[in-house]
Amino acid sequence: APSGGSSSSSSSSSSSSSSSSSSSSSTRRDLYLSHLHQLNKRFKAHCESTLTGGAEQIVSACSDYKHFARGLKETYEERRGEVVTFGSGDCGQLGFGMDDDDGYIAVTRPRIVVSLRNRGMSSLSTGGLHTAAVSAMGKVYTWGCNDDGGVGRKGADYLADEVVSEDPEFKDFIHVGCGDCHTVAVNEKGNVYMWGSYKDREGKLFRDPVDKDPKTVRGKHLEPVKVGNVETAVEVQAGANFNVARLEDGGVVTWGIGETGELGRGPPPATKFGEEYNLPVILSEHMTPLPCIFKGSMNFKPFVKRVACGSHHLLVIAVGGTHYSGNAVWTSGLNNYGQVSV
């Protein structure tokens, strides 16, 4: 009888797991087809309104369409693989645990992260001293230094483990980004979550606000919180202390601590009278996700194709608008090494 019961339980569990996997695959397929349909509509409208004939213009438009269609397929198809890391691992960011001398294991050649083996990982990001990865099932795993909340969970931070939340919408993730001490992740619905902290030039800690209260921008989040004002994101990237999200409609928003132009919109200083933090300004101009301002006109909003971050600078690849008919790279932020020079 116990044997039979065990077999039944195992069968039921397997069936439930298979059903869950099938449901997840179906949802991702539906989202892929929905986004592809919207892409087709935008491409059709673009062709009807702007393509006036020239072969070069038509080829460029078709190339853009292929680029976006390929990106959608890569985002929503179930790509599965193993995570390999290597390096010094002095804060556990390699995910291999500790050696016999209670030191973090260093690896000079690529090695599979055993705790993630056979989980089917689809994307990852590396931060200052921590790492995050997303599985094909939409789960986020983190490991590394958690002093300022970047790992976003309890337990052994030097071993990869899943980030969980009581928020029922915290699931089905497609992309993740790591900063110096924070992590951001976007799910299939376009919602963005953040955990950890941002640091200003003095090392003071800041975080995404709770209930739009200016007093809550100080400190760190040890667990994930939903970022307000972002609902249609398809990609997120993180700099040292800021974030950028590319939106479904081709727009782009940034937020975080923007002291060197990395937000691409020149917010007011975070301090007033030299020392005192202006918390309402930090909330409304730094920590609230807002559109970048492209040089030339306040109404100039090209269609953003890709975004990327350095530690303190932002890069955007965009197409269209009143000044450029083809692709252009836009940059903003710290330029002490010529990283945003044109």
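Phe173 and Tyr193 are both buried, where buried means under 20% relative accessible area, exposed over 50% and partly exposed in between (1.4 Å probe, protein chains only). They belong to a predicted model, in which local features need pLDDT of at least 70, side-chain atom pairs count only at pLDDT 80 or more, and totals for chains, interfaces and linings use all residues. Residues are numbered from 1 along each chain as its sequence is written, and side-chain values use heavy atoms, with hydrogens and water left out.

**Chain and confidence**

- The protein chain has 3 helices and 21 strands. Helices (H or I, at least four residues) and strands (E, at least two) are DSSP runs, numbered from the N terminus.
- Of its 342 residues, 41% count as buried.
- The mean pLDDT of the protein chain is 84, and 83% of its residues reach 70 or more. pLDDT is the predictor's confidence in each residue, from 0 to 100.
- Over residues 1-19, pLDDT stays under 50, and the model has 0 contacts there beyond four places in sequence. Contact means heavy atoms within 4.5 Å.
- Where pLDDT is low, the predicted coordinates should not be read in detail.
- Among contacts in the protein chain between residues at least 6 apart in sequence, 53% join residues at least 24 apart.

**Aromatic pairs**

- The model has 6 aromatic pairs. Rings of Phe, Tyr and Trp (its six-membered ring) pair if their centres lie within 6.5 Å; planes under 30 degrees apart count as stacked, over 60 as edge-to-face and the rest as tilted.
- The ring centres of Phe173 and Tyr193 are 5.9 Å apart and the planes stand at 75°, so this pair is edge-to-face.
- Phe173 lies in strand E7 (residues 173-178) and Tyr193 in strand E9, so the pair ties together parts 20 residues apart in sequence.
- Phe294 and Trp330 also form an edge-to-face pair, with 5.1 Å centre to centre and 85° between the planes.
- That pair links distant parts of the chain: Phe294 is in the loop between E18 and strand E19 (303-309), Trp330 is in strand E21 (residues 327-333), and they are 36 residues apart.
- Phe294 and Trp330 are both buried.
- One aromatic cluster is formed by Phe170, Phe173, Tyr193 and Trp195.

**Charges over rings**

- Arg111 lies over the face of Phe96, 5.3 Å from the ring centre. The rule asks for NZ of Lys or CZ of Arg within 6 Å of the ring centre and within 35 degrees of the ring normal.
- Arg218 lies over the face of Phe206, at 5.0 Å from the ring centre.

**Cores**

- The largest nonpolar core has 24 residues; Val192, Phe206, Val230 and Trp255 touch the most other members. Such a core is a set of buried Ala, Val, Leu, Ile, Met, Phe, Trp, Tyr and Cys residues joined through side-chain atoms within 4.5 Å.
- E13 gives the largest share of this core, 3 residues.
- A second, separate core of 14 residues includes Val244, Phe300, Val307 and Val316.
- In H3, Val281, Ile282, Leu283 and His286 are buried. The buried residues of H3 pack against strand E11 (205-206), E15 and strand E17 (276-277).

**Sheet**

- An open sheet of 4 strands runs in the order E13-E14-E15-E18, with antiparallel pairing. Two strands pair if DSSP finds at least two bridges between them.
- Strands E13 (233-238) and E18 (290-291) stand at the edges, each with a single partner strand, so one side of each is left without a neighbour in the sheet.
- Strand E14 (residues 242-247) and strand E15 (residues 252-256) run antiparallel and are joined by 5 bridges.
- Arg246 has Val252 in E15 as its bridge partner.
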